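Work through the exercises below with the sequence and the coordinates at hand. Each task is followed by its solution.

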Amino acid sequence: MTNQNNLFLEFSPSSAEQWIQQIVKDLKGENYEQKLVYTNYDGIAIKPFYAKEDVRNYSTLEPLFNHSDWDICQEIEVDDEVNANKKALHALNNGASALLFYVFNSVDLNKLLKDIQIEYIGVQFIIEGNALEFNTNLNNYISHHKLDKSKLNITLNIDPIENLVRTGQWRKSIIEDKTEFVSLIKNKANAFCINANIYHNAGASESYEIACVLAHANTYINWLIEEGIDVKETLKTIQLNIAVGPNYFFEIAKLRAYRKAFSLLFSEYSLTIDLKIHAETAFRNLTVADAYNNLLRTTSEAMAASIGGCNSLVVKPFNIIYESPTDFSERLARNIQLILKSESYFDKMADVSAGSYFIEELTEQIAKKAWTYFTEIESDGGFIKCLEKGAIQAKINEMALAQQTFFDEGKSVLVGTNKFPNTKETIKQYEDSIAWGSSSKLGKVIEPLTTIRLTAKAEHERIEQEKNN
């Protein structure tokens with residue numbers, strides 16, 4: 001009987017040079033680099049193939065994280081505690097394993113969390129209003145129900161810098177916001193959370209997105225140090241809430257590059273910190289026309305997020321940009337993740353892309369470029385100063401414009417919009433409810449980042465055409 005391991009001995013390995021020779025031969029003498037190598041928005045050259053030679057100088061190709069599973073997270077806006085509680089219980093009974101609540105400081109936690117066993121799930125609270133008051137109410141709730149706070153997976157999220165980036169103004173003022181953030185950390189709240197989805201959805205490249213988040217986090221670390229807090233003893237976890245876009249392999253590499261880049265940042269402060277990544281599918285590439293295609297988009301984004309190592313994930317309902325999500329659309333969104341786990345076994349192996357020459361090289365290059373961008377931001381006065389000068393906004397807007405031009409010229413495709421549109425479908429009935437993006441200049445302190453979906457312009461034109469017909 002033939003030893004199966006010996007079968008491969010018949011095939012000698014091919015070097016990178018041999019591959020190139022074959023490609024040049026197939027191209028009939030055309031220049032290999034001009035024809036097949038392209039450069040992305042960050043100046044990273046992307047080759048048509050990668051070989052062992054591309055990663056031979058790396059010290060290790062070991063996995064960058066050791067968890068294989070992730071939490072299926074359900075987002076809930078809390079306008080009424082009783083209704084929000086019913087929605088939360090319904091989601092938990094139908095596949096969710098984590099909850100993200102948008103709340104005000106005055107929320108009644110006894111009503112909101114009734115019959116929810118928070119000791120067994122992940123819970124995030126994105127807080128409008130007084131976060132210190134909410135933290136006090138939460139601690140009272142935990143104490144009253146005799147729960148062990150150290151074993152709970154609860155995150156408080158206020159992120160004043162993200163509020164500045166998104167709206168152009170602080171939650172209250174820089175002094176009050178800084179005091180509130182520092183006080184939460186002093187009170188041992190798990191509140192070091194960065195809402196980074198704004199950077200991707202505004203059009204930042206993978207590397208520049210990571211650079212902004214590094215600078216964002218570095219600002220908070222320095223706030224704590226300035227207030228005399230021993231960050232080595234105090235900081236145990238940092239959570240990043242990021243958006244995952246449609247560029248599949250790049251997004252896998254982006255999540256892995258986040259871990260590499262933040263490991264380097266932590267080493268600068270001699271910190272040992274657990275980095276948690278909460279991912280959500282992107283807003284920027286969702287469409288109104290032929291909206292069921294959004295299910296395919298969010299599925300590939302969810303795949304990239306899970307392979308890249310997210311700790312929890314929200315899949316946005318396919319109809320979220322033109323109507324309030326329905327029970328049907330939210331069920332489909334959860335089921336995407338359930339299928340990835342129960343039928344595709346994405347939760348069975350940690351960092352499955354580790355060792356892939358392409359993913360490893362892309363991870364390394366994205367992380368290196370991100371660190372270069374980050375050091376440029378820091379040398380230019382730091383994140384807040386660069387925002388005040390408009391440098392961050394200008395860089396991201398430049399990248400967003402390049403992406404928009406690429407889409408408008410048909411070089412990037414969104415099926416149902418600029419490729420294979422359904423001409424029998426009308427979308428004018430959604431005009432008043434469509435989420436086009438955020439392009440108004442709200443800012444008083446800085447110019448906020450502009451977030452506009454790639455298809456917004458085309459949808460505007462299509463609606464006007466439908467009105468005139």
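The model is predicted: local features need pLDDT of at least 70, side-chain atom pairs count only at pLDDT 80 or more, and totals for chains, interfaces and linings use all residues. Residues are numbered from 1 along each chain as its sequence is written, and side-chain values use heavy atoms, without hydrogens and water.

**Exercise 1.** Classify the aromatic pair of Y208 and Y373, and state which helices hold the two residues.

Solution. 
1. Rings of Phe, Tyr and Trp (its six-membered ring) pair if their centres lie within 6.5 Å; planes under 30 degrees apart are stacked, over 60 edge-to-face, and the rest tilted.
2. Y208 and Y373 lie 4.9 Å apart, centre to centre, with 85° between the planes, and the pair is edge-to-face.
3. Y208 belongs to helix α9 (residues 206-226) and Y373 to helix α14 (residues 357-379), so the pair ties together parts 165 residues apart in sequence. Helices here are DSSP runs (H or I, at least four residues), strands likewise (E, at least two), numbered from the N terminus.

**Exercise 2.** Give the strand order of the open sheet and its edge strands.

Solution. 
1. Two strands pair if DSSP finds at least two bridges between them.
2. The eight strands follow the order β6-β5-β4-β3-β10-β9-β8-β7, with parallel pairing.
3. β6 (153-157) and β7 (193-195) each pair on one side only, as edge strands.
4. Within the sheet, five bridges join β3 (residues 71-77) to β4 (residues 98-104), and C73 stands opposite A98 in β4.
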